[in-house]
Amino acid sequence: MRSAWLKWARAVEHQQVLSRSIREYLAEDPFQYVRWDNASDVTDPLIRMQWRLKITKPFPESWGVLLGDVLTNLRAALDHTMWTAVLNHSGPPVKPNQVQFPVAKKEAAFKDAAGKLRTLVAPEVWAVIDALQPFRGGDRAHTAPLEIVRWLSNMDKHRSLRFVVLASIDLMPVHITSDAPVEVIEERRHEGPIEGDNKTLLFLKIKRPLGNAPIDLAPTFGFSPSLQISEEPVEFRPLASAMPIMTETVLKVIASVTSALGLPIPDGHGLQLGHEHEGVAAELSGDTYTFRNADGTIHRFDLSSPDLGESDSPS
């Protein structure tokens, strides 16, 4: 299982570099909104207001390359896990090209894979594989972490990954602080993915108050760099949440299969591969990866720490 653990560790190192790049990008306030209104035109009985998104700095091109490296290593970690499980139970396979970790969004596809692979691994290993299959999520199978890894790694081989701005507006009505009564005639919001600049986030049509009294509005906007995770249906997830759930789930697979094979969970020393990444170790992505054995033993993996792979007694 050593190679699977090393692949996973390399994925986490690339994730750390990407996470730092995202934090540095957001620290430069790349998203702003610009308000326009016709309040000064007293001849119009309606006041029209709109807020448009202005992207002052585009996403770095390096994000796609870094995320591709994360995905390639996560997918390889799964396949190395499957290969080791096969060798451990049934020896070198007759058809080695068929040995890959199955990830199925539909039950029929999983049954087809089971016909080729199930007898090659120990029953307890297949139980791990079966339990984590995306199709068990029903209509939300496309959002299962393993399905996201599968889909994104395939996309990265053939075309650029799709990054967008995911916009959100407070769910409450727009907060209006004005002395004069305000009557909103029309309100339109955009919440969701945005590609390109100058997108209208909020449009309001308001009945002009008597005496043209000033109107103070306080909408709240939120923006996050996000990634397309599915094509059918098209769906997006913020990068900050999509990356950790993928690495955590792959860790769960590797650690569970390692335990099922009766092999020791590595203490982590030696998994730190990328000396060129030492400069980001102090900030990282804020994640420590934890796996709990069936006996209660807890293994924590923090690739920034010289004490990588601490173990706690059962609890």
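Predicted model: local features only at pLDDT ≥ 70, side-chain atom pairs only at ≥ 80, totals over all residues.

**Entry 1: a loop with a proline.** I started at Pro 233, which sits in the loop between strand S9 (221-231) and strand S10 (234-238). The peptide bond between Glu 232 and Pro 233 is cis, with omega at about 0°. I reminded myself that most peptide bonds are trans.

**Entry 2: backbone angles.** Next I looked up positive phi values. Asp 29 has one, about 50°, although it is not a glycine. I found Asp 29 in the loop between H1 and S1. Asn 198 also has a positive phi, about 70° in its case, and is not a glycine either. Asn 198 is in the loop between strand S6 (192-194) and strand S7 (200-207). Its relative accessibility is 46%, so I put Asn 198 down as partly exposed.

**Entry 3: stepping back.** I wanted the overall picture. The protein has six helices and 13 strands. Of its 315 residues, 46% are buried. I also checked how far along the chain the contacts reach. Among contacts with a separation of 6 or more, 70% are between residues 24 or more positions apart.

**Entry 4: the nonpolar core.** Which residues have the most contacts inside the largest nonpolar core? I noted Trp 5, Trp 8, Leu 67 and Val 250, in a core of 74 residues. Helix H2 (residues 62-90) gives the most to this core, eleven residues. As background, nonpolar side chains tend to be buried together in soluble globular proteins. I then followed Leu 67. Setting aside neighbours within four places in sequence, Leu 67 touches Leu 18, Leu 161, Phe 163, Leu 227, Leu 239 and Met 243.

Entry 5: Ser 21 lies in helix H1 (residues 2-27). Is Ser 21 buried or exposed? Its relative accessibility is 15%, and buried means under 20%, so Ser 21 counts as buried. Beyond neighbours within four places in sequence, Ser 21 is in contact with Pro 60 and Trp 63. Pro 266 is in the loop between helix H6 (239-260) and strand S11 (289-292). Pro 266 is buried as well, with a relative accessible area of 15%. I also looked at Pro 266 against Met 1: they are 265 residues apart along the chain, and their C-alpha atoms are separated by 9.4 Å.

**Entry 6: a tyrosine on a strand.** Tyr 33 is in strand S1 (residues 31-37). At 40% relative accessibility, Tyr 33 counts as partly exposed. I listed its contacts, leaving aside neighbours within four places in sequence: Trp 51, Arg 52, Leu 53, Leu 201, Pro 219 and Phe 221.

**Entry 7: salt bridges.** How many salt bridges does a search of the whole structure find? It finds 17. I went through some of them.

- Lys 111 pairs with Glu 107, and their closest N and O atoms are 4.0 Å apart. Both lie in helix H3 (residues 107-117), four residues apart, which is about one turn of the helix. Lys 111 is exposed at 57% relative accessibility, while Glu 107 is partly exposed at 43%.
- Arg 136 pairs with Asp 130, with 2.2 Å between the closest N and O atoms. Arg 136 is partly exposed, with a relative accessible area of 49%.
- Arg 188 pairs with Glu 186, and here the closest N and O atoms are 2.4 Å apart. Arg 188 is partly exposed at 45%, and Glu 186 is partly exposed at 25%.
- Arg 140, Glu 235 and Arg 237 are linked in a network of salt bridges.

**Entry 8: the largest pocket.** I finished with open space. The largest pocket holds about 260 Å³. Its lining has 13 residues, and Gln 100, Phe 101, Pro 102, Ala 113 and Leu 117 lie nearest the centre. What gives the most to this lining? H3 does, with five residues. By class, I wrote down seven nonpolar, two polar and four charged residues for the lining.

Conventions. Residues numbered from 1 in each chain as written. Heavy atoms only, no water. Salt bridge = Lys/Arg side-chain N within 4 Å of Asp/Glu carboxyl O. Helix = DSSP H or I, 4+ residues; strand = E, 2+ residues; numbered from the N terminus. Buried < 20%, exposed > 50% of the residue type's maximum accessible area, 1.4 Å probe, protein only. 1 Å grid on protein atoms, 1.4 Å probe; cavity = no way out; pocket = protein on both sides within 12 Å on 5 of 7 lines; lining within 4 Å. Points joined across faces, edges and corners; volume = space filled by probe spheres on them. Nonpolar A, V, L, I, M, F, W, Y, C, P; charged D, E, K, R; others polar. Core = buried A, V, L, I, M, F, W, Y, C linked by side-chain atoms within 4.5 Å. Contact = heavy atoms within 4.5 Å.
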